[in-house]
Amino acid sequence: PRLPSEPAASRFALGIRLGLRPAMQSPRPDTSAPHVVDRLRISPTLAMLLGTATIAAGALGFQVISGRALGSEEFTPVGAAWTVVFFAFTVLMIPSEQFITRHLALNGGRWQPSRHGLVQLAGAVAVSTLGSAAFAAATLDRFFAGDSRFVIALAAAGASRAVLAFGRGFLAGRRRFVAYGVATGAEGAVLVPGAIVVALVSPSALTFVWLLVIAPLAIFFVKPFARVDFEQVGVDRTEAERATFLGSLVLATGASQVVIAGGPIFVGLVGGTPSEVSIYFVTFTLFRGPVTSSYNLIARFLPDFTELAARGEQRQLSIWAARLGAIGLGTTALFGILGYLAGPTVVELLYGAEFAPPAGVAALGAAAVGAALVGLFISQVYVARGRTEQMAAIWLVAMTVAGIVLVAVSGEPLVQVARAFLVGELVATILLAAVAMRGLLRSQ
């Protein structure tokens, strides 16, 4: 089946209005659509928001159920596994998803990768899978109670999330946004019932980690690799440029995840106790919810951003970069205040008193999330224009500054790591906005 074509700017303007059917979809259901969910009469943006809300609730529910079932000490393997799997997924698989999305958006939904591109994608999967297993093996005594079965479980989790990322890339690149939303929500719909069953039947850390392997495979419900074509809007880049694009995107994402998601590991490395590692994990994973959820929403923006860049409509991208940069400072301050006032109470209500962080730590973490949320969307301007090497350079600077703050400014482990997190995110967001605006204005 083929989808109708319209200018990206008009589609994008309509697509972000939640209650309206975007112009990119036919007014009537397409009976030749790949799956029944593609024929649902619902705004694609609304479908993705609902799916994002479902996975966010599912992830939170999973953590609350597993945390309460195990306690802060026994929860440590689950927190460490979640951290490393999320890190590998975001660093390697999200860039792979965006590579696939951009490739399909430029090539009219046709999957025509070069051999070099396929090798890079296969390498990302291998590193994600083997890297997760290697982390478990290297930290078996520190985080996994010496149980070697976690090595196999983390390898399987890395592989299952690779399947999820590839499927989502095909769904977004072929503009099956409703199916993308359903697939995203399906993972969350598996996590909570699964966690309840595990808590009742076999409440062990290893069993909860295996649930993280199963849930992403719910994407097969929507037939993610079914073919959909539409008008080609650009010419895909040469093999050398593709290598630069994906390699730089992986590097940028890796540096960003060291800052935003590596906290529990750093708390342990700077001398934090297992309980402090668990406190940092549940607190910052909870606060990071808006950013984690937005990894699903950027798939709604990237195809249209890519078309804007391919058609030379740089002014629209400039406007978005400017708006987001201005919003960033406000969200940082607002999130920080809310974190200070309500953060410890919310964590205590959800997880119990033993997980509650100090108010200052909650404020630092929430403020950092406010900056990170805006920086994520500004980054899509770089991805759409193929300027991922600039994004990589910015995140390497931000990671370096965060590392210097972590080492040079001592304190309690929770405060020490949270402070470095905030500084890194502020540096990254400010530079991303400034460089994006400079480059875009020069290109007009």
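Is F281 buried or exposed? F281 is buried, with a relative accessible area of 2%; buried means under 20% relative accessible area, exposed over 50%, and partly exposed in between (1.4 Å probe, protein chains only). The model is predicted, and local features need pLDDT of at least 70, side-chain atom pairs count only at pLDDT 80 or more, and totals for chains, interfaces and linings use all residues. Residues are numbered from 1 along each chain as its sequence is written, and side-chain values use heavy atoms, with hydrogens and water left out.

**F281 and its surroundings**

- F281 lies in helix 11; helices (H or I, at least four residues) and strands (E, at least two) are DSSP runs, numbered from the N terminus.
- Leaving aside neighbours within four places in sequence, F281 is in contact with F75, G79, W82, T83 and P264, where contact means heavy atoms within 4.5 Å.
- The C-alpha atoms of F281 and A80 are 8.2 Å apart in space, while the two residues are 201 residues apart in sequence.

**Aromatic pairs**

- The structure holds 16 aromatic pairs; rings of Phe, Tyr and Trp (its six-membered ring) pair if their centres lie within 6.5 Å, with planes under 30 degrees apart counted as stacked, over 60 as edge-to-face and the rest as tilted.
- One of these pairs is F75 with F281, which is tilted, at 5.6 Å centre to centre and 45 degrees between the planes.
- This pair links distant parts of the chain, 206 residues apart: F75 is in the loop between helix 2 (44–74) and helix 3 (76–106), and F281 is in helix 11 (residues 274–287).
- Both F75 and F281 are buried.
- The ring centres of F301 and F305 are 6.0 Å apart and their planes are at 75 degrees, so this pair is edge-to-face.
- Ring pairs also link F75, F281, Y351 and F355 into a cluster.

**Charges over rings**

- The charged end of R102 sits over the ring of F245, 4.9 Å from its centre; the criterion is NZ of Lys or CZ of Arg within 6 Å of the ring centre and within 35 degrees of the ring normal.
- R161 lies over the face of F89, at 4.3 Å from the ring centre.

**Helix 12**

- F301 and F305 both lie in helix 12 (residues 289–310), four residues apart, about one turn of the helix.
- F301 counts as buried at 17% relative accessibility, and F305 counts as buried at 2%.
- At 1.5 Å a residue, helix 12 should span 32 Å, which agrees with its end C-alpha atoms being 32 Å apart; the expected span is 1.5 Å times one less than the number of residues.
- Helix 12 bends by about 40 degrees at Y295, the bend being the angle between axes fitted to the seven residues ending there and the seven starting there.

- T129 lies in helix 4 (residues 115–138) and is buried, with a relative accessible area of 16%.
- Leaving aside neighbours within four places in sequence, T129 is in contact with A155, G158 and A159.
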